[in-house]
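Dear colleague,

Please find the structure below, together with its sequence.

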Amino acid sequence: VIGELLVPPSARPPGARRQRGPLAALAALGAVMCFAFASVGDVPAWTGPAFNASGAGLLVGALLLWTAARVTTLVLGVALALGGTAGAVASELARSDAQREREKWLGAAFEFTGAPGRVLSQAEADAVPEGTSRDALIARLGPPPARGVQHIDGEPSLRCLAYRGENARPIDAELHAFCFRDGRLEALRRW
Amino acid sequence: MVSLRRRADRRLVAGVAGGIADSLNASVVFVRIAVGLAVALTPWAIWAYAAAALLLPARGERRPGWDNLVALGRTGLVFLAPRLALPGNIDPSGATGPVGVWLTSIGLLLAGAVVFVASGYAPREPGGARRAVIASLPAVVAALLLSAGVLTLDQVRWEVYVPLAALAGGVALLVAARRGRWRAYTCPALLALAAAGVIVASGARLEGGVGDVRANPAPQGDEPAVIRRAAGDVTVDLARFARGASPAALEVSVGVGDVDITVPRGTQLELTARVGRGELYTGFGAGSEHLHGFDLRVERHIESRATRPGPVKVAVDVGLGSLYINRGDG
């Protein structure tokens, strides 16, 4: 069986490539798809290089699966193809998680209290640490001009305090919304 | 496994996929599909393919030769000519404009594609690659000179010289046909004529240099503000026009590329726009228009609760590409 397995598809006539032929073809197509995926989407940042590395592994693995006539090179080819597949699957899972995280934020509704409120720069808003309590935020930034609710897909909604941003325009108000879960700051959203 | 060489006959483009398949004793159809997918889906694959076309020797050769130049030229034709001839989002079902231009340009492109494939599959003639390179030189030199001129001399109306470059291609074709070896020369000449025909028919104004421009122009008194580009995208924000009290006019022309103009709310606008071939969109609420096809023209006076004393006159001319006019915030 080993001897039969070591005859590479490249040394066989068309139509009699045996098991290694389709595997090599699948690995080659997988490599092309990995290179394509590397150029679309960039979150998380490591997935682009990871897709490229996986594609390179699959491509070399495909070549070795197609041509290797020795046990060591065949094993190396199988290892590269499996490693490339694992890398591609891990990268795609990470991208799916990031996508789900982005899409979980649903709509939000704010009610303006009539208070003028402080106008915040982006740096001032970013400087508020996660976990800050609602009272500590009001003590730090003053009474908010707007309060509201941020809805999240599959999770309880967050209560938010919102301050106007520096780029606010009459028809396109910019809001920095500090959203709390159990009284502690969990997320800063911009509208 | 035999050493990797390009095919010089029975090839679709440069013979790279065929050469890989021959070297690996693999199915050429499968390798072509894989290479085609890679080129379509991966930005750098076309450069890898072009490098292989230029550097891989043809089968039976020990080092790169004349046929590598032919292979590189074929690669360029396949990937560049359609981009020039078919810019933007063209949907023939809703196209307007002269039917003759459609038929001529698409017919020339199809004829060029047929001859292209036929010449790639023809048996290799001794010295044929060298003759093809030499016969193509007039068209190549004319195209290079034209490109260099458009790039460096931005005051010249280069569209006048496009028919001359096409004529050089035609002369190359005639010389080659006279010698009885028409296959290698007919395809580049047909595609060059198709591209030149589309540029001339679209009325593209090739003036103003190459590259993208972002502008926030101010009114120039009695004279219009002028922005010209032979090739590139132009993005204009008319916010400073909207704030001024004096008459304001803007002229924009782009030969090949897109124009995106943002008009602040409360601005009266007198718009005269033409797109030779491509897409035209004006986003003004209920009066929005979205056209695509040939020779698109719009003349409109847009007046909505104007806060500015007089109208802003905007004249836009796009040869091949798209024009988007959007209303911005006040």
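**Nonpolar patch on chain B**

B:Leu54, B:Leu55, B:Trp66, B:Leu69, B:Leu72, B:Ile134, B:Leu137, B:Val141 and B:Leu145 make a nonpolar surface patch of about 810 Å². Patches are made of residues with over 30% relative accessible area and no salt bridge, with nonpolar side chains (Val, Leu, Ile, Met, Phe, Trp, Tyr) joined within 5 Å and like charges within 9 Å. Accessible areas come from the Shrake-Rupley method with a 1.4 Å probe, and for residues only the protein chains shown count as cover. Helix H3 (45–55), helix H4 (66–85) and helix H6 (128–152) of chain B each supply at least two residues of the patch; helices are DSSP runs (H or I, at least four residues), numbered from the N terminus. H6(B) gives the most, with 4 residues, and B:Leu137 is found in this helix.

**How to read the model**

This is a predicted model, in which local features need pLDDT of at least 70 and side-chain atom pairs count only at pLDDT 80 or more, while totals for chains, interfaces and linings use all residues. Residues are numbered from 1 along each chain as its sequence is written, chains are lettered from A and ligands numbered from 1 in the order in which they are written, and side-chain values use heavy atoms, with hydrogens and water left out.

**Between the chains**

The contact (heavy atoms within 4.5 Å) takes 18 residues from chain A and 16 residues from chain B. About 1,200 Å² is buried between the two chains, 70% of it on carbon and sulfur atoms; buried area is the accessible area (1.4 Å probe) that two parts lose on being put together, summed over both. Helix H2 (20–38) and helix H3 (47–67) of chain A each supply at least two residues of the side of chain A that touches chain B. The largest share of that side, 7 residues, comes from H2(A). Between chain A and chain B there are 0 salt bridges.

**Within chain B**

Over all chains, the whole structure has 22 salt bridges (a side-chain nitrogen of Lys or Arg within 4 Å of a carboxyl oxygen of Asp or Glu). B:Asp22 forms one with B:Arg59, their closest N and O atoms being 2.5 Å apart. B:Asp22 lies in helix H1 (residues 16–24) of chain B and B:Arg59 in the loop between H3 and H4 of chain B, so the pair ties together parts that are 37 residues apart in sequence.

Yours sincerely
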